[in-house]
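I opened this notebook to record what I looked up in one structure. The entries go from the whole chain to a single residue.

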Amino acid sequence: MGNTPARPSTSAEDYVKVVYDLQERGTGPVTISGMAERLSVSNSSVSGMLRKLTELGLVEHQRYGAVNLTEAGTRAALSVLRRHRLLETYLVAELGYSWDEVHDEAEILEHVVSDKFVDRIAAHLGNPVVDPHGDPIPTRDGHIVERESVLLSNADEGVSGVIVRVNDTDPELLRYLADIEIGIGMNVEVVERQPFAGSLQIAVRPDEGAPERSQALGLVAAEALWISPETK
(Lines give C-alpha, C1' and ligand atoms only; values in the text may rest on other atoms or scores of the structure.)
Protein backbone atom coordinates (compact mmCIF):
# COMPACT_ATOMS: atom_id res chain seq x y z
CA MET A 1 0.00 0.00 0.00
CA GLY A 2 3.03 2.26 0.16
CA ASN A 3 2.77 2.96 -3.58
CA THR A 4 -0.89 3.99 -3.43
CA PRO A 5 -1.32 7.25 -5.39
CA ALA A 6 -2.35 10.33 -3.44
CA ARG A 7 -6.08 10.83 -3.12
CA PRO A 8 -7.69 13.65 -5.09
CA SER A 9 -8.73 16.71 -3.07
CA THR A 10 -12.06 16.70 -1.24
CA SER A 11 -13.68 18.87 -3.92
CA ALA A 12 -12.29 16.71 -6.73
CA GLU A 13 -13.66 13.59 -5.01
CA ASP A 14 -17.07 15.25 -4.65
CA TYR A 15 -17.14 16.13 -8.34
CA VAL A 16 -16.09 12.72 -9.72
CA LYS A 17 -18.55 11.06 -7.34
CA VAL A 18 -21.39 13.22 -8.65
CA VAL A 19 -20.47 12.50 -12.29
CA TYR A 20 -20.43 8.77 -11.56
CA ASP A 21 -23.67 8.94 -9.58
CA LEU A 22 -25.50 10.83 -12.33
CA GLN A 23 -24.22 8.34 -14.92
CA GLU A 24 -25.18 5.40 -12.72
CA ARG A 25 -28.72 6.62 -12.20
CA GLY A 26 -29.21 6.67 -15.96
CA THR A 27 -31.01 9.99 -16.45
CA GLY A 28 -29.13 10.86 -19.66
CA PRO A 29 -25.78 12.51 -20.42
CA VAL A 30 -24.08 14.32 -17.52
CA THR A 31 -24.17 18.07 -18.13
CA ILE A 32 -22.70 21.10 -16.40
CA SER A 33 -26.17 22.34 -15.44
CA GLY A 34 -27.11 18.93 -14.03
CA MET A 35 -23.96 18.86 -11.93
CA ALA A 36 -24.51 22.47 -10.78
CA GLU A 37 -28.04 21.62 -9.64
CA ARG A 38 -26.87 18.54 -7.79
CA LEU A 39 -23.93 20.32 -6.09
CA SER A 40 -25.90 23.55 -5.43
CA VAL A 41 -23.23 25.67 -7.12
CA SER A 42 -23.14 27.89 -10.22
CA ASN A 43 -22.55 26.64 -13.75
CA SER A 44 -19.33 28.69 -13.88
CA SER A 45 -18.05 26.98 -10.70
CA VAL A 46 -18.63 23.57 -12.29
CA SER A 47 -16.92 24.69 -15.53
CA GLY A 48 -13.88 25.89 -13.60
CA MET A 49 -13.61 22.66 -11.62
CA LEU A 50 -14.04 20.53 -14.74
CA ARG A 51 -11.05 22.30 -16.32
CA LYS A 52 -8.95 21.32 -13.29
CA LEU A 53 -10.25 17.74 -13.35
CA THR A 54 -9.48 17.49 -17.07
CA GLU A 55 -5.91 18.64 -16.37
CA LEU A 56 -5.67 15.97 -13.65
CA GLY A 57 -6.82 13.33 -16.15
CA LEU A 58 -9.99 12.51 -14.19
CA VAL A 59 -12.68 13.71 -16.64
CA GLU A 60 -13.16 14.27 -20.35
CA HIS A 61 -15.27 17.26 -21.31
CA GLN A 62 -15.57 19.13 -24.60
CA ARG A 63 -17.19 22.55 -24.48
CA TYR A 64 -21.00 22.19 -24.60
CA GLY A 65 -20.56 18.40 -24.56
CA ALA A 66 -21.36 15.73 -21.98
CA VAL A 67 -19.06 15.14 -19.02
CA ASN A 68 -17.44 11.69 -18.83
CA LEU A 69 -15.05 10.11 -16.36
CA THR A 70 -11.71 8.73 -17.51
CA GLU A 71 -10.54 5.36 -16.24
CA ALA A 72 -8.64 7.15 -13.44
CA GLY A 73 -11.72 9.25 -12.67
CA THR A 74 -13.90 6.15 -12.45
CA ARG A 75 -11.43 4.52 -10.05
CA ALA A 76 -11.43 7.66 -7.88
CA ALA A 77 -15.25 7.81 -7.89
CA LEU A 78 -15.62 4.13 -6.97
CA SER A 79 -13.12 4.54 -4.14
CA VAL A 80 -15.02 7.43 -2.56
CA LEU A 81 -18.39 5.70 -3.14
CA ARG A 82 -17.05 2.60 -1.37
CA ARG A 83 -16.11 4.73 1.64
CA HIS A 84 -19.41 6.65 1.57
CA ARG A 85 -21.68 3.62 1.27
CA LEU A 86 -19.83 1.50 3.84
CA LEU A 87 -19.91 4.39 6.29
CA GLU A 88 -23.67 4.73 5.77
CA THR A 89 -24.11 1.01 6.33
CA TYR A 90 -22.01 1.09 9.52
CA LEU A 91 -23.89 4.11 10.91
CA VAL A 92 -27.24 2.35 10.43
CA ALA A 93 -26.15 -1.15 11.48
CA GLU A 94 -23.97 -0.31 14.46
CA LEU A 95 -24.82 3.21 15.67
CA GLY A 96 -28.60 3.26 15.27
CA TYR A 97 -28.85 6.02 12.68
CA SER A 98 -31.98 6.15 10.52
CA TRP A 99 -31.62 6.02 6.74
CA ASP A 100 -32.38 9.75 6.34
CA GLU A 101 -29.58 10.80 8.74
CA VAL A 102 -26.56 9.01 7.29
CA HIS A 103 -25.94 10.72 3.94
CA ASP A 104 -24.72 14.03 5.37
CA GLU A 105 -22.55 12.30 7.99
CA ALA A 106 -20.96 10.07 5.35
CA GLU A 107 -20.37 13.09 3.06
CA ILE A 108 -17.99 14.47 5.71
CA LEU A 109 -16.39 11.22 6.91
CA GLU A 110 -15.73 9.77 3.43
CA HIS A 111 -12.89 12.24 2.84
CA VAL A 112 -11.02 11.65 6.10
CA VAL A 113 -11.17 7.92 6.84
CA SER A 114 -8.37 5.68 5.61
CA ASP A 115 -8.87 2.77 3.23
CA LYS A 116 -7.64 0.48 6.01
CA PHE A 117 -10.40 1.78 8.32
CA VAL A 118 -13.04 1.25 5.62
CA ASP A 119 -11.75 -2.27 4.89
CA ARG A 120 -12.11 -3.06 8.63
CA ILE A 121 -15.69 -1.78 8.54
CA ALA A 122 -16.43 -3.96 5.49
CA ALA A 123 -15.00 -7.05 7.19
CA HIS A 124 -16.86 -6.30 10.44
CA LEU A 125 -20.16 -6.02 8.51
CA GLY A 126 -19.53 -9.19 6.49
CA ASN A 127 -18.61 -7.38 3.25
CA PRO A 128 -22.10 -6.12 2.35
CA VAL A 129 -22.82 -5.50 -1.36
CA VAL A 130 -25.48 -2.79 -0.87
CA ASP A 131 -25.95 0.08 1.58
CA PRO A 132 -29.16 0.92 3.54
CA HIS A 133 -30.61 2.65 0.47
CA GLY A 134 -29.87 -0.28 -1.83
CA ASP A 135 -26.95 1.49 -3.52
CA PRO A 136 -24.28 -1.00 -4.62
CA ILE A 137 -21.04 -0.93 -2.58
CA PRO A 138 -17.94 -1.21 -4.78
CA THR A 139 -15.40 -3.83 -3.75
CA ARG A 140 -11.87 -2.76 -2.93
CA ASP A 141 -10.82 -3.47 -6.54
CA GLY A 142 -13.71 -1.42 -7.94
CA HIS A 143 -16.15 -4.21 -8.84
CA ILE A 144 -19.89 -3.64 -8.47
CA VAL A 145 -22.61 -6.30 -8.34
CA GLU A 146 -25.04 -5.30 -11.08
CA ARG A 147 -28.76 -5.93 -10.63
CA GLU A 148 -31.49 -5.46 -13.19
CA SER A 149 -33.72 -2.63 -12.03
CA VAL A 150 -36.07 0.00 -13.42
CA LEU A 151 -37.22 3.34 -12.04
CA LEU A 152 -40.71 2.97 -10.61
CA SER A 153 -41.68 6.17 -12.45
CA ASN A 154 -40.85 4.44 -15.77
CA ALA A 155 -42.69 1.19 -15.00
CA ASP A 156 -45.84 0.46 -17.00
CA GLU A 157 -49.22 -0.35 -15.49
CA GLY A 158 -49.31 -3.96 -14.31
CA VAL A 159 -45.56 -4.16 -13.69
CA SER A 160 -44.64 -5.46 -10.26
CA GLY A 161 -41.36 -6.02 -8.48
CA VAL A 162 -39.33 -5.61 -5.32
CA ILE A 163 -37.97 -2.21 -4.28
CA VAL A 164 -34.20 -2.60 -4.42
CA ARG A 165 -32.92 0.97 -4.30
CA VAL A 166 -33.88 4.44 -3.06
CA ASN A 167 -32.24 7.74 -3.99
CA ASP A 168 -30.63 8.96 -0.75
CA THR A 169 -29.89 12.59 -1.67
CA ASP A 170 -33.06 14.10 -0.12
CA PRO A 171 -33.53 13.37 3.61
CA GLU A 172 -37.08 14.78 3.55
CA LEU A 173 -38.07 12.33 0.82
CA LEU A 174 -36.59 9.44 2.82
CA ARG A 175 -38.56 10.54 5.89
CA TYR A 176 -41.71 10.75 3.76
CA LEU A 177 -41.20 7.23 2.41
CA ALA A 178 -40.63 5.97 5.96
CA ASP A 179 -43.84 7.71 7.08
CA ILE A 180 -45.90 6.00 4.37
CA GLU A 181 -44.06 2.72 5.10
CA ILE A 182 -42.35 2.20 1.77
CA GLY A 183 -38.84 0.76 1.81
CA ILE A 184 -36.28 -1.69 0.50
CA GLY A 185 -37.50 -5.27 0.01
CA MET A 186 -41.20 -4.44 -0.36
CA ASN A 187 -43.20 -5.77 -3.29
CA VAL A 188 -45.05 -3.12 -5.30
CA GLU A 189 -47.26 -3.14 -8.39
CA VAL A 190 -48.13 -0.20 -10.62
CA VAL A 191 -51.93 -0.23 -10.63
CA GLU A 192 -52.56 3.02 -12.50
CA ARG A 193 -50.41 5.75 -14.01
CA GLN A 194 -51.85 9.26 -13.73
CA PRO A 195 -49.31 11.36 -15.66
CA PHE A 196 -51.41 14.53 -15.79
CA ALA A 197 -52.02 14.30 -12.05
CA GLY A 198 -48.30 13.68 -11.57
CA SER A 199 -48.80 10.49 -9.61
CA LEU A 200 -49.03 6.71 -9.64
CA GLN A 201 -51.41 4.41 -7.83
CA ILE A 202 -49.49 1.42 -6.52
CA ALA A 203 -50.30 -1.70 -4.54
CA VAL A 204 -47.81 -2.38 -1.74
CA ARG A 205 -47.15 -5.69 -0.02
CA PRO A 206 -44.61 -5.16 2.82
CA ASP A 207 -43.61 -8.84 2.93
CA GLU A 208 -44.79 -12.32 1.98
CA GLY A 209 -48.18 -13.06 3.48
CA ALA A 210 -48.84 -9.46 4.51
CA PRO A 211 -52.07 -7.85 3.28
CA GLU A 212 -51.82 -5.65 0.20
CA ARG A 213 -52.57 -1.95 0.53
CA SER A 214 -53.17 0.79 -2.00
CA GLN A 215 -50.94 3.88 -2.03
CA ALA A 216 -50.86 7.05 -4.14
CA LEU A 217 -47.30 8.09 -4.93
CA GLY A 218 -46.16 11.38 -6.46
CA LEU A 219 -43.78 11.27 -9.42
CA VAL A 220 -40.96 12.85 -7.39
CA ALA A 221 -41.08 9.87 -5.03
CA ALA A 222 -41.54 7.40 -7.91
CA GLU A 223 -38.43 8.84 -9.61
CA ALA A 224 -36.42 8.00 -6.45
CA LEU A 225 -37.36 4.31 -6.30
CA TRP A 226 -35.93 1.43 -8.33
CA ILE A 227 -37.63 -1.95 -8.54
CA SER A 228 -36.33 -5.30 -9.71
CA PRO A 229 -39.19 -6.37 -11.97
CA GLU A 230 -40.75 -9.78 -11.53
CA THR A 231 -40.54 -11.99 -14.60
CA LYS A 232 -43.92 -13.27 -15.64
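The entries below begin with the model itself.

I noted that this is a predicted model, in which local features need pLDDT of at least 70, side-chain atom pairs count only at pLDDT 80 or more, and totals for chains, interfaces and linings use all residues. Residues are numbered from 1 along each chain as its sequence is written, and side-chain values use heavy atoms, with hydrogens and water left out.

**The chain.** I looked up the secondary structure and found eight helices and eight strands, taken as DSSP runs numbered from the N terminus (helices: H or I, at least four residues; strands: E, at least two). The radius of gyration is 19 Å, close to the 17 Å of the globule rule for 232 residues, so the chain is as compact as a globular protein of that length. That radius is taken over C-alpha atoms, and the rule is 2.2 Å times the number of residues to the power 0.38. I also recorded that 42% of the 232 residues count as buried, meaning under 20% relative accessible area with a 1.4 Å probe, protein chains only.

**Aspartate 100.** I located aspartate 100 in the loop between helix H4 (71–95) and helix H5 (102–109). Is this residue buried or exposed? Aspartate 100 is buried, at a relative accessible area of 15%. Its side chain makes polar contacts (N or O atoms within 3.5 Å, one able to donate a hydrogen and the other to accept it; residues adjacent in sequence count only if both atoms are side-chain atoms) with the side chain of serine 98 at 2.8 Å and with that of arginine 175 at 3.0 Å. Leaving aside residues up to four places away in sequence, aspartate 100 touches Pro171, Leu174 and Arg175, where contact means heavy atoms within 4.5 Å.

Key. Buried means under 20% relative accessible area, exposed over 50%, partly exposed in between (1.4 Å probe, protein chains only).
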